[in-house]
Amino acid sequence: MMELLFSGVAIGSIYSILALGFVLIFKCTKVFNFAQGTLVLVGTYLSFTLITDAGLPAPLALLISMVAGFVLGFVIERLLLRPMIGEPVLSVLLLTIGLSEIIKAVLGLVWGAWPRPFPPMFPGGSINLLGQNIPQVYFWAIISSLGVFVLFILFYRQSSMGISMRAVATNQDYASLIGISVSRVFALSWGFAALVGAVGGVFLASMLSVNLNLDAFAFRAFPGAVLGGMDSVGGALLGGLAIGIIENLAGKFVDPLLGGGAKEVIAFVVMLAALLVKPYGLFGTEEIERL
Amino acid sequence: MLSIENIEVVYDEVIYAVKGVSVKVPDGQIVTLLGPNGAGKTSILRAMSGILKSREGEITGGNIFLDGQSIAGHPPEKVRRAGIYLIPEGGGLFEDLTVEENLRLGLLHSRGDQADGLGKAWEWFPVLQQRAWVRAGYLSGGEQQMLALARALLARPKVLMLDEPSLGLAPLIVDELFGFIRKINEEEGISILLIEQNARRALAIASYGYIMENGKIVLDAPAGELLQDKEVKEFYLGFGQGSKRRSYRDVKHYKRTKRWLS
């Protein structure tokens, strides 16, 4: 039982990082980014190549991928999303879907579609934590995820840029009146989302393998983002963790009853149930509209 | 000096909201723009601060100069950086952010002393310091306007524009607020363009006043003269025909909606 809980927290912490990618973009731009999964892929493949082909040490490769991801997100916003400001939401959504397909196709062309093992970033074996033996990868996933979240929460609470970004999330007109460049905030949000996507992707690949279907895993983090309220950083953390734990428990206790499959869908069932009770998620901003 | 020259604003390409208005705000002065609902006062402020576009509006004629530089049609963040600061109706606060975070945003692009930080705001408005960690949305209406003013004070613009700051506030709070507006003008040397419906209070602190109706300026004069003007007295200040009390039945405002226009 404890073991299930631990691996649930480890998977959940990766889900949290992946969910954070959705949240960072949605919070400021109110766009749901269907390309988030492929942004995760880009970071993962880049790290993979840097480690295996260029022979860089893993932490350095991860760092470079994060920076590259940031630049990619920034550029995507500038070139593709900027002209779409003010256009209907549906058009923007379709644009991100199309973008996702294109990036995936390019990745397939460059790296091929077959799965490959990710070079081990962490020493094998396990660490003894609270009387439980847990694999090193799990341990580092939890630590990095917490690190990422602490950094982002501090950034949003303390730095002028972070406060400006929250101001844009609250009211774009007022933000521009006070001198904040709303378009710069949008571009930064995309950059950050791709950056955390790279982190999540590398951990995901370390546990599974490098393959083109990792983006589907990113979407399994989506219920975590919704559960947390779509626009709350802390909510993404708790939502992701909850989904990880629930998935593991469902895999252990529900799968045998149904003959499998529950682990894959339970997150979405929980999401739907949660939305019925709390339409704005656990920590989402409640928008009250008077009709 | 801020000068608006013959500005025209059209919404949705058909609604002609401002029909050639000129307003001057000389350095260090308080100028007020008065007029009933729908006269086009807010449209002028939007045109100046560059947020017309998000309201489907457009400047179709005229120009706006700040110290000789044209700022018409510039995006809002650029106008702000040029030194014009608008407090929109309701204060323009970020309700999800705390009082302190709202104030910190005032320091962006401030011409004031950054090293002072929020000190000046706390000094002027001690009430806000006690509530530094409260979300702005939970402040009372009066406190929200104080916070909006405090943020403008930190921003140290050349020209501060206020859109109906007295809206929905108790008379005592309005007195206090107008005291602060005058103090910002006198002690900080910030020129002010004040848009109001509360004509008496606005004219009391302003040096010059414009009266707007149906998208045009119908009357402009030094504030002292406007306060004495017979028609202004009757329609904006609530006196009419000497000090004799009249029955509301005789007022018949509806018959005289086009008051200065032929």
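Visitor: How many helices and strands are there in chain B?
Guide: Chain B has ten helices and ten strands. Keep in mind that this is a predicted model.

Visitor: OK, and how compact is chain B?
Guide: Its radius of gyration is 19 Å, close to the 18 Å that the globule rule gives for 262 residues, so chain B is as compact as a globular protein of that length.

Visitor: What does the C-alpha trace of chain B span along its principal axes?
Guide: About 55 × 40 × 30 Å.

Visitor: What percentage of chain B counts as buried?
Guide: That's 42% of its 262 residues. As for contacts in chain B between residues at least 6 apart in sequence, 70% of them join residues at least 24 apart.

Visitor: Let me zoom in. Why is helix H1 of chain B said to be largely enclosed?
Guide: Because eight of the nine residues in H1(B), which runs over residues 41-49, are buried.

Visitor: Which ones are buried?
Guide: In H1(B) they are B:Lys41, B:Ser43, B:Ile44, B:Leu45, B:Arg46, B:Ala47, B:Met48 and B:Ser49.

Visitor: And what follows H1(B)?
Guide: B:Gly50 does, and its phi is positive, near 85 degrees.

Visitor: Switching to chain A. What's its secondary structure?
Guide: Chain A comes to 13 helices and two strands. Its radius of gyration is 19 Å, close to the 19 Å from the globule rule for 291 residues, so chain A is as compact as a globular protein of that length.

Visitor: How many Å does its C-alpha trace span, and how much of chain A is buried?
Guide: The trace of chain A spans about 55 × 50 × 35 Å along its principal axes. Of the 291 residues, 49% count as buried. Among contacts in chain A with a separation of 6 or more, 74% come from residues 24 or more positions apart.

Visitor: Now the helices. How do you describe two packed ones?
Guide: You give the angle between their axes and the distance between the axes.

Visitor: What about H5(A) and H8(A), how do they pack?
Guide: H5(A), residues 136-158, packs with H8(A) at an angle of about 170 degrees, with the axes 10 Å apart. Angles over 145 count as roughly antiparallel, and these two helices are therefore roughly antiparallel to each other.

Visitor: Which residues meet there?
Guide: A:Val137, A:Ala141, A:Ser144 and A:Val148 of H5(A) meet A:Val196, A:Val199, A:Phe203, A:Ser206 and A:Met207 of H8(A). That contact has seven nonpolar, two polar and no charged residues.

Visitor: Last topic: how many residues of chain A are in contact with chain B?
Guide: 16 residues of chain A are in contact with 19 residues of chain B.

Visitor: Which element of chain A gives the largest share of that side?
Guide: H6(A) does, with six residues. The elements giving two or more residues are helix H6 (160-170) and helix H7 (172-177) of chain A. By class, the side of chain A that touches chain B has six nonpolar, eight polar and two charged residues.

Notes. Residues numbered from 1 in each chain as written. Chains lettered and ligands numbered in written order. Predicted model: local features only at pLDDT ≥ 70, side-chain atom pairs only at ≥ 80, totals over all residues. Contact = placed C-beta atoms within 7 Å. Helix = DSSP H or I, 4+ residues; strand = E, 2+ residues; numbered from the N terminus. Nonpolar A, V, L, I, M, F, W, Y, C, P; charged D, E, K, R; others polar. Axes fitted to C-alpha atoms, helices over the stretch in contact; angles between N-to-C directions. Parallel < 35°, antiparallel > 145°, perpendicular 65-115°, else oblique. Rg over C-alpha atoms; globule rule 2.2 N^0.38 Å. Buried ≥ 20, exposed ≤ 12 C-beta atoms within 10 Å, placed from the backbone.
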